[in-house]
Amino acid sequence: MKHLIAPSVLSADFANLQRDIELINSSAADWFHVDVMDGVFVPNISFGFPVMAAIKKYATKPLDVHLMIVNPDAYIDRFAEAGASVITVHYEACTHLHRTVQLIHAAGCKACVALNPHTPVALLKDILEDLDMVLIMSVNPGFGGQQFIPNSLKKIAELRSMANQLNPDLLIEVDGGVSLLNIAELVQAGANVLVAGNAIFAADSPLDMIAAMKQLDSGTMTL
Ligand code: DX5
Ligand code: ZN
């Protein structure tokens, strides 16, 4: 399949959220990536349900909701009701991960598990068949605009070969420091959903940047 591009709303201009959402609607991007941070699981607080509702009101593409929160089980139904298509929880935040994945599916959403940079992909072996997607964090979660951690490439390749055996349809998403400089090798390693915040919203033309990321046409872009 052609890889998907998921612009991270965290890097949008919150004072012009409707404008930035409509920009993504009109672009070649596939999903909206929505980062929810609770100030406990990660050292930052982003936004919650009211902002999510505002995004949903204007977005014409699926919402990919990345929960960087402790105790996500308590909020899964509310995020589903708020319009999430995909719900991602962190491996490191879920004691009973299998139950959490069942809750996400029961709420009618696709289930994704995120791994922090230090968490080995092998830990997902016994749940991989139940997942729709795995998110490889390529920065420590909490902030946009950080530098890509190169070891993430090895994790993507290892996960793709594990998925070939256990769940060939598994989507692999990468989040953190993704740009035109690394997107081709990420896709080659086996990623098929690319999140990008700073690379898109700080570009001179976010629309052109999204088109280039979709095409993997780095040769024509001025970086
Ligand atoms: C970081 C968030 C990311 C962030 C990515 O914790 O999960 O989605 O917005 O931003 P960039 O692409 O700027 O690294
Ligand atoms: Zn994210």
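## Helix α5

Helices here are DSSP runs of H or I with at least four residues, strands runs of E with at least two, numbered from the N terminus.

Ser152, Lys155, Ile156, Leu159, Arg160, Met162 and Ala163 are the buried residues of α5; buried means under 20% relative accessible area, with a 1.4 Å probe and protein chains only. An α-helix has 3.6 residues a turn, so residues three or four places apart point the same way. The cover over the buried residues of α5 includes strands β5 (110-115), β6 (133-137) and β7 (171-175), and helix α6 (183-189).

## Basis of the model

The model is predicted: local features need pLDDT of at least 70 and side-chain atom pairs pLDDT 80 or more, while totals for chains, interfaces and linings use all residues. Residues are numbered from 1 along each chain as written, chains are lettered from A and ligands numbered from 1 in written order, and side-chain values use heavy atoms without hydrogens or water.

Asp35 in β2 (residues 32-37) and Asp175 in β7 link distant parts of the chain, 140 residues apart. Both aspartates are buried.

## Ligand 1

His66 also has a polar side-chain atom 3.3 Å from an oxygen atom of ligand 1. A polar backbone atom of Gly142 lies 2.7 Å from a ligand 1 oxygen atom.

Note on methods
Buried means under 20% relative accessible area, exposed over 50%, partly exposed in between (1.4 Å probe, protein chains only). Contact means heavy atoms within 4.5 Å. A polar contact is a pair of N or O atoms within 3.5 Å; within protein, one must be able to donate a hydrogen and the other to accept it, and residues adjacent in sequence count only if both atoms are side-chain atoms.
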